[in-house]
Amino acid sequence: MTLLLQALINGLMTGALIAVPAIGFSAIFAVLRYPNFAIASYATIGAFAAWWANAVAGLPIIPALAIAFAVTGVVGVVAEETSLKRLRDNGALIVAIASIALNLVLENIVRFIFGNDMKGYDLPLARDLRFGELRIGPQQLQSLALSVVIMAAMFLFLRYTRFGKAMRAVADNPDLARLKGIDPARIAIVTVFLGAGLSGVGGVLIGLDTSIDPLTGYRVLLSVFAAAVLGGLGSIPGAVVGALALGIAEELALIAVPATYRTAVGFVAILIMLTFRPRGILGERAA
Amino acid sequence: MLSYVIFTLTLCGIYALLALSLNLIWGGVGLVNLGLAGFFAVGAYASAIATGAGAPVLIGWGAALVVGAVVGLVVTFATLRLRDDYLAIVTLGFAEVIRLVALNERWLTKGSDGISGIKAPLKAELGLQGFSIFYLGLVTLIVLVVWALLRRLDLSPYGRTMKAIREDQQLAAFAGKTVLRFKLQAFALSAAIAALSGALYAHFQSYISPDHFQPLITIYIFLAVTAGGVGRPSGAVLGAYLVVIFLEATRFATEWLPGLQPVQIAAMREMMIGVALILVLHLRPQGIMPERIPKAPRQPTPSA
C-alpha cells in the first residue's frame, strides 16, 4: 500500500513537470497545427539559460526561471520566423521535418558553447520530508509548486486576456477568427513565444531534479509527446491530464519493469490509447 | 585510400537502401517514418542474432526482411487510420524503444557491449581486400535491384494508387481503393527494406551496438530523400550518395578549423546537417531530381 501511494505521489510530481512543456507543445499544435519537435531543444536551451543565471551569475531559481522563459521564448520566435514559417503552406509534415532539423541545429549550438558535460544547478541541499512511510524531496515539492503556479497562470491567460481568447479562437476555427479581425501572424508569434518559453521552463524544472546536458530536452521529448497524445493532441487541459496520467503510469509500471524502460512506458501508453480511444482523454478529433 | 573509398561507397549503398525505404513510404503514400533508425537496428540485430545462432548469412538477411515487415505492421497498426502526425510521433518513439531494448536485453543483444564477430560472407576465401570489394559489389547490386523494382512499382497501377492516396486519400477511397490496406502494405515493405539495409550493415561492420543506431541516421536519410527528390527512387539513391559525400566533406572541412575542441567539431558537423536540411526544404523542396508525373493515357474517344 505504501509502495502504491509512493508511486502515485512520485507519478503526480513527475507528471506535473512534464505538463509544463506539454502545454507548450499543445499550444503550438493547437494554433499552428504541426507537431514541433524543436521543443526538445527549447527545453535544453531553457535549462542552460537558467543554469547560467543560477550557477554562473548566482541568481536564485525563480529569477533564473524567468530568464529561461524569456530566452527560450525569443529563440523560439526567431527560429520559427526564420526556418519554419515559410514552410507552413507545404503541410504539417514538412514543417515537422524542418522542426527536427531545427532541433538538431539548436541542440548542437548548445553543445558547441557548453560541451557535453553534465551540469548541476546551485541549490541548497535539503533532507527529504517524511510523512510516515512516505518521502518527498523539498526540491521536488518546490518544482511541483512552481509548475502548478505556471499552469494556473497559463489558464488565466487563455481564459481572460485578449491574446488568450484570440489564441483559442484561432485554434478553434482559424477562418472565423480571421473574419473577426484577429491577425493570425501575430497570434502565431505570441503562441510560439509562449510555447517555446514554457518548454524552456519545463527543461529547467526537469533539470532541477537531476542534472542537465545537451540531450536533456531530447530525453523528455517522448514523454511530452506521450502526454499530449494521451490527453488529446492540441488540447491544453488534455496536455495536463495526459502528463499526470503518464507520470502515474510510468511510476506504476516501474514497480514491475526495470527503471531503464521508463520512456518505453510512454510509447506503450500511446499505442494503447491510439488503439482504443485515438482522440485521447480530452481531445476532439484524431482522424 | 582505396579501402577508404570502398568503405565510403559501401556505406553509400546502405544509406541508399534506407533512402529507397523512406521514399517508398513518403513519396508513395505520403507518410513519414521517423523511426528509420529503429527498423535499421531491427534488421541488423535480427540478422546478427540469426547468423550468430548458426544460420547462413542469406537466411539471416531473409530473417531481417521478415522481422522488419512484421514489426512495421505492429507499429503502424494502431495509427494508420489516424492523422499522419500520429504516425510521425509513434515511429519516433519506436526507434527509441528499440534502442532501449537493445541496451537492456543483454541475453539477446549483449547490451551496450554489442554483438561482435558477425559473419562476413566469404571473407575467409577472399581475404580482407577481396571481401571489401566483393561486399561493395554485392551491396551495389542489391541497391540496383531494389531501385529497379521500386521504379517498376512506381509505374504500375499499384504505384499510381499509392500516389493517389498521397494526394487525396478521401478521393482515393471514393474511387474504391482500400486506402488502409495500401498504407499497411507500403509501410511493411518499406520497413522490410530498411531492415535489409540494417542486415547488410551488420555483416559489413561485423560489429553492432546500440550506439550505431542513433536517431541522427534518420535525419541523414530525410536529408537524402529531400535533396534527391521525394517521390522518385533515382532521386533517393542519388541523394543518399550525396549525403554520405557531404558528411565526409564536413569531416575534412571541420578539421581545418583551428582551436576547436573535438566536441565542438562534432557539434559543427551536426549543425551543418540540420542547416542543410532546412535550406533544401526552403530552396528546393522538389529536390535535384523532381518527381515526374506521367501523363494520363489518352482515353479512346467513343465513336458516336
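Here is a short tour of this predicted model, stop by stop. Residues are numbered from 1 along each chain as its sequence is written, while chains are lettered from A in the order in which they are written. Local features need pLDDT of at least 70, side-chain atom pairs count only at pLDDT 80 or more, and totals for chains, interfaces and linings use all residues.

**Stop 1: a helix in chain A.** Select residues 184–209 of chain A to see helix H8, with 26 residues (helices are DSSP runs of H or I, at least four residues, numbered from the N terminus). H8(A) is largely enclosed by the rest of the structure, because 19 of its 26 residues are buried (20 or more other C-beta atoms within 10 Å of a residue's own, with C-beta atoms placed from the backbone).

**Stop 2: where the chains meet.** Now show both chains: 39 residues from chain A and 34 residues from chain B make the contact (C-beta atoms, placed from the backbone, within 7 Å). On the side of chain A that touches chain B, H4(A) gives the most, with 15 residues.

**Stop 3: the record's spans.** In its unreviewed entry, UniProt places "transmembrane region" at several spans of chain A, including 220–245 and 252–276. Select 220–245 of chain A: the chain there is 85% helix, and the end C-alpha atoms are 15 Å apart. For 252–276 of chain A, the span is 80% helix, with its end C-alpha atoms 21 Å apart.

**Last stop: Ala19(B).** Among the residues in contact with Ala19(B), beyond its neighbours within four places in sequence, are Ile221(B), Ala224(B) and Gly228(B).

Terms used:
Helix = DSSP H or I, 4+ residues; strand = E, 2+ residues; numbered from the N terminus. Expected span 1.5 Å × (residues − 1). Buried ≥ 20, exposed ≤ 12 C-beta atoms within 10 Å, placed from the backbone. Contact = placed C-beta atoms within 7 Å. UniProt positions renumbered as here; feature names shortened; annotations may be inferred.
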